[in-house]
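Please read the numbered points beside the sequence and the model.

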Amino acid sequence: MTTTMKTAEIRTSLEKRGAALAANPEKARIHAGPETAIHEGGLRFRVEAPNGQAIYTDMPTGLGGGASAPSPGWYLRAALASCTATVIAMRAARLGITLTTLTVGVEADTDQRGLLGTDDRVSAGVSALRTHVRIGADGVDADTLRGLVTWGDAHSPVACTVRNAPACAIDVEVV
């Protein structure tokens, strides 16, 4: 299958889904999860989705883990990178642009004192995120490609969630 055919197939799928949601907006809202982290020992967890998919997390040895899997923070950065890249590629397909290059990298700054609780004035959260996009397409000018990236970033569910953090609640069940 050629890249052009794939772009056309993506475009057709997105247009079909967009038309269906425009006709039935109530179907656009979905409830996801729960994704459930199950302790496997030490700091290693298996995270399962309702459909049976699973990922694993662990912490680096310097933080007491076994380094047997990526850390949860790695998955956050990976989710931001892959979601933004996916939305850019989807938008390119909708516009009939066949990308020749698309890579998205995400860097983060954190202060481990927050995670370890050694200074309660320091947040355990990420203090800064930087996303770097490399993009190319034959016959497409730089301004169009920059606009594609800007649009993708503005419509990436993960990027939007990070920028506009939703209300979070926690329910504790002691057994």
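1. The model is predicted; local features need pLDDT of at least 70, side-chain atom pairs count only at pLDDT 80 or more, and totals for chains, interfaces and linings use all residues. Residues are numbered from 1 along each chain as its sequence is written, and side-chain values use heavy atoms, with hydrogens and water left out.

2. The count comes to 11 salt bridges, a salt bridge being a side-chain nitrogen of Lys or Arg within 4 Å of a carboxyl oxygen of Asp or Glu. One of them joins Arg130 to Asp109, with the closest N and O atoms 2.9 Å apart. Arg130 lies in strand β5 (residues 128-136) and Asp109 in strand β4 (residues 101-109), so this pair ties together parts that are 21 residues apart in sequence. Strands (E, at least two residues) and helices (H or I, at least four) are DSSP runs, numbered from the N terminus.

3. Arg130 is partly exposed at 36% relative accessibility, and Asp109 is partly exposed at 32%. Here buried means under 20% relative accessible area, exposed over 50%, and partly exposed in between (1.4 Å probe, protein chains only).

4. A network of salt bridges links Glu40, Arg44, Arg46 and Glu48. Within it, the closest N and O atoms of Glu40 and Arg44 are 2.9 Å apart. Elsewhere, Arg113 forms a salt bridge with Asp111, at 2.5 Å between the closest N and O atoms.

5. The largest pocket holds about 370 Å³ of space. Of its 15 lining residues, Met59, Gly73, Thr110, Leu115 and Ala124 are the closest to its centre. Two or more lining residues come from each of α2 (72-94) and α3 (112-116), and α2 gives the most, with four. On a 1 Å grid over the protein atoms alone, a pocket is an open set of points where a 1.4 Å probe fits, with protein on both sides within 12 Å along at least five of seven lines; lining residues have an atom within 4 Å of a point. The volume is the space filled by probe spheres set on the points, which are joined across faces, edges and corners.

6. Thr7, in helix α1 (residues 3-23), counts as buried at 12% relative accessibility. Leaving aside neighbours within four places in sequence, Thr7 is in contact (heavy atoms within 4.5 Å) with Ala93, Ile97 and Thr98.

7. Gly64 sits in the loop between β3 (54-57) and α2 and counts as exposed, at 57% relative accessibility.
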